[in-house]
Amino acid sequence: MKAKDSNIIFIMTFIILTVCGVCIWKFSGFSHEPVKINRIMVSFIAVTLIQATIFMPFKFAVISIDEATWPAPHPRIAPPGYAEVDTLMGNLSNKLRCLRSEVMITERHRNERLNLKYRLIAEEVRIFGLFFLVMFALVMVQFNEALFFNTAAVTRLFEFSQIGTSGLSTITRLPEVYTFMELSLIKAFTIKNQRSGGAPWVHSEPTVLLGMVRLQQLRTRNRCVGLRHPVYTTDDFSEGWKLPYTRESYTNKFWKIYQPWVAKLSSFFDRTLWIHHHRGLFITYPSSMGYENMLSDTRAKSMMVLKYLKNHNWLDRNTSALFMDFTLYNADANIFTVCTLWVEQLPFGMAYTHMEIDSIVFVEQMRDLTPVGLLALVLFVVFWLQFVKLVFVRIWYEPMRLRGMWVQLDIVIMVLCVVVVAATAARDNVVQIMIRELEISVNVQFIDFNDPRLLNEVVKVTSAFTVALVTMRLWKVMQFAGTFKIFTKTIYMAWDTLLCTIVITVIFLVAISSAAVILNGNSTSAFHSLMQGMVAVSCFSFGYNSNLDVSDLFYGGKWIGVVLYTIMGFVVRVLLINLFISMLKNHLSLVKAKKEETRRYHNITFIEFLRVEYADAIRFVRRFTCPDRGYKRKNRTVAENIRRKLDYQQRIGPKGKMQAFFTIKHVEPVDDRYNQVKYEERIERSMKVSAVLQLQMELIARVKFGDEDGNLSAIDETSTTSSSSSSS
């Protein structure tokens, strides 16, 4: 009783403190903005997470070392002062509860090994299911549709010509880039007589240019490359790409007119770990090398820079690619748009344009965090800690589980979650540093937001893979269901056959793709490379026809196109895929037959285990959702109600038989062994119900006719004992 009283005191104290805190917060006039509240909660979650993952294990490790090195003396074991004394009525009540439980727990439920297995499965279903749902909800809450529309709008405005600006798609030769930069990158973000930067974009008033525009080009040593990969030069030149390079005085103090001719200096981090490549039509271009120059913050200065570059042929035949990097900020939507517009000069003299535009929310993310998102974040931290605890406890007590594939998958999921948190923290830290630099630079420096953009890509890709792996982990959890178990065994039995079929399918796809690329690669973009051809043929073979038009197969000749189309449509799509499905069906039939032969009728299913394990919770839910209607006598006796029911059945008998005649019933096959097990279980439950009823009668007799302790007189005790023995 004292333990229960202490629990009640703790609960009441917690409720009183919570109510008082809420009242003080609500009615004292002390309030925060929603952004500050979100920051406080996120900081609290971060501190709690750090304490639970770092400081708590360290604390318990120190305590364990202390207890193992200097063990404390064992205290004397004394009986508690509040120990309860057993009584007759208490013992009978406990016996009645045990008998009621035994009515549900039959002989089939007493396989402890199977119960332990089902208990672990139930724990995994609860943790992984909730972890998946919370992670999916967190990803969906953070999804911002405005980013897509902003990216689409900015892409369209830069790609096509607008009033007063030139589109990137109009560039066909490299010298036309100067016109594009003048109209779309200088005049579009500046005012004619402006003395400092900060003018809005001509296409969107809330959008401004952050910092300056960076121009970076990659140059080859020799324009005649052939089939080899181009070698980019890293030499320093004088004005007009002349050699040798001579350094003039004061170039580091005033406007660096020699900067466009000096190779870019990249850090060791950029050259080794943070390598970013731009993929063109034929080759990839590294971003850590080349020659760069900056436009200015006003129109007049930027036009001077552009005129200087044009007069001294900064872009010439040796220019392999030109990158124009800048960042836009929309104050109304709080969206950063990181833009990389670039042009590659093809070996045949033409220019091909590309755009890489990403819309990201870098600052004030707490402003858009809704209460649902905050709740999802809290639940994600809670369930992630439970997931980590489950994995570590399992490994601690059974180290051999580390060899299992699913435990290794759990460790990978944990590592990916840590990577997401670390990349998010690094991205926010880098953005804060850049915002401070932007405030100090007064818009006259290039602020490179490509690094936080790449970190944001790491966060998105890692989050996507984490959700995918958690979904795969649910496959292992759902192995208690017969469908999942049969399908898993089918794949395990047919792995060699499936592997051979997949290899044959891949051989056909590669062969058809190679033939289609050789015959049609010079005439259509669907087969301009082997990889593109394999993607197009694979999509067509599996029913996705949006990437391939039938006319793309007929550039090499009418009859050859017919042959290719026939092979793609019949051999791959119909023959091999149907063969794949037929083999799976045969192995599935074998697995089902083998399962029926080895079926264990004395083992309960997972659903039956849950019905007994969570019987109290199910009973509590049914009490509120499915209340018992009870027996309604309607001012009639029981005999009268029975007579009315029998008369009604006799009256509608022919009609009911006619309905039964036209009703198609599904006849289940008779399983004698299963019926025998169920029959034995019904007998056992009937005996337990009889024992429960007898014990209830004894309790009623002791309450009605016994003393305060439930003791009966000698005559009543004799009659009760004789009645119980006769009933047994």
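The dialogue that follows goes through several features of a predicted model.

Colleague: What should I keep in mind about the numbering and the model before reading any feature?

Modeller: Residues are numbered from 1 along each chain as its sequence is written, and side-chain values use heavy atoms, with hydrogens and water left out. Since this is a predicted model, local features need pLDDT of at least 70 and side-chain atom pairs count only at pLDDT 80 or more, while totals for chains, interfaces and linings use all residues.

Colleague: How many helices and strands are there in the chain?

Modeller: Helices (H or I, at least four residues) and strands (E, at least two) are DSSP runs, numbered from the N terminus. The chain has 21 helices and eight strands. Of its 728 residues, 32% are buried, where buried means under 20% relative accessible area, exposed over 50%, and partly exposed in between, with a 1.4 Å probe and protein chains only. Taking contact as heavy atoms within 4.5 Å, 71% of the contacts between residues at least 6 apart in sequence join residues at least 24 apart.

Colleague: At what angle do the axes of α4 and α9 cross?

Modeller: Axes are lines fitted to C-alpha atoms, for helices over the stretch in contact, and angles run from 0 to 180 degrees between N-to-C directions. Here the axes of α4 (residues 112–142) and α9 (residues 371–397) cross at roughly 145° and come within 9 Å. The crossing of α4 and α9 is left-handed, a term used if the near helix is turned anticlockwise from the far one by less than a right angle, with clockwise giving right-handed. Residues making the contact include Ile-127, Phe-128 and Phe-131 of α4, and Phe-380, Phe-383 and Trp-384 of α9. By class, the contact has 17 nonpolar, two polar and four charged residues; Ala, Val, Leu, Ile, Met, Phe, Trp, Tyr, Cys and Pro count as nonpolar, Asp, Glu, Lys and Arg as charged, and the others, Gly among them, as polar.

Colleague: Which strands pair with β2?

Modeller: Two strands pair if DSSP finds at least two bridges between them. Strand β2 (residues 204–219) is antiparallel to β1 (residues 200–201), with two bridges, and these two strands form a hairpin with two residues between them; Trp-201 has Ser-204 as its bridge partner in β2. Antiparallel pairing also joins β2 to β6 (residues 319–330) over ten bridges, with Leu-218 opposite Ala-321, and β2 to β5 (residues 291–294) over four bridges, with Gln-217 opposite Tyr-291. Strand β2 is mostly covered, as 13 of its 16 residues are buried.

Colleague: Which side chain does that of Thr-151 join in a polar contact?

Modeller: A polar contact is a pair of N or O atoms within 3.5 Å; within protein, one must be able to donate a hydrogen and the other to accept it, and residues adjacent in sequence count only if both atoms are side-chain atoms. Thr-151, in helix α5 (residues 145–159), has its side chain joined to that of Ser-359 by a polar contact of 2.7 Å. Beyond its neighbours within four places in sequence, Thr-151 is in contact with Ile-357, Asp-358 and Ser-359.

Colleague: Is Asn-334, with its positive phi, buried or exposed?

Modeller: Asn-334 is not a glycine, yet has a positive phi of about 55°; it lies in the loop between β6 and β7 (335–345) and is buried, with a relative accessible area of 1%. Asn-313, with phi near 55°, is found in the loop between α8 (299–311) and β6, and counts as partly exposed because its relative accessibility is 48%.
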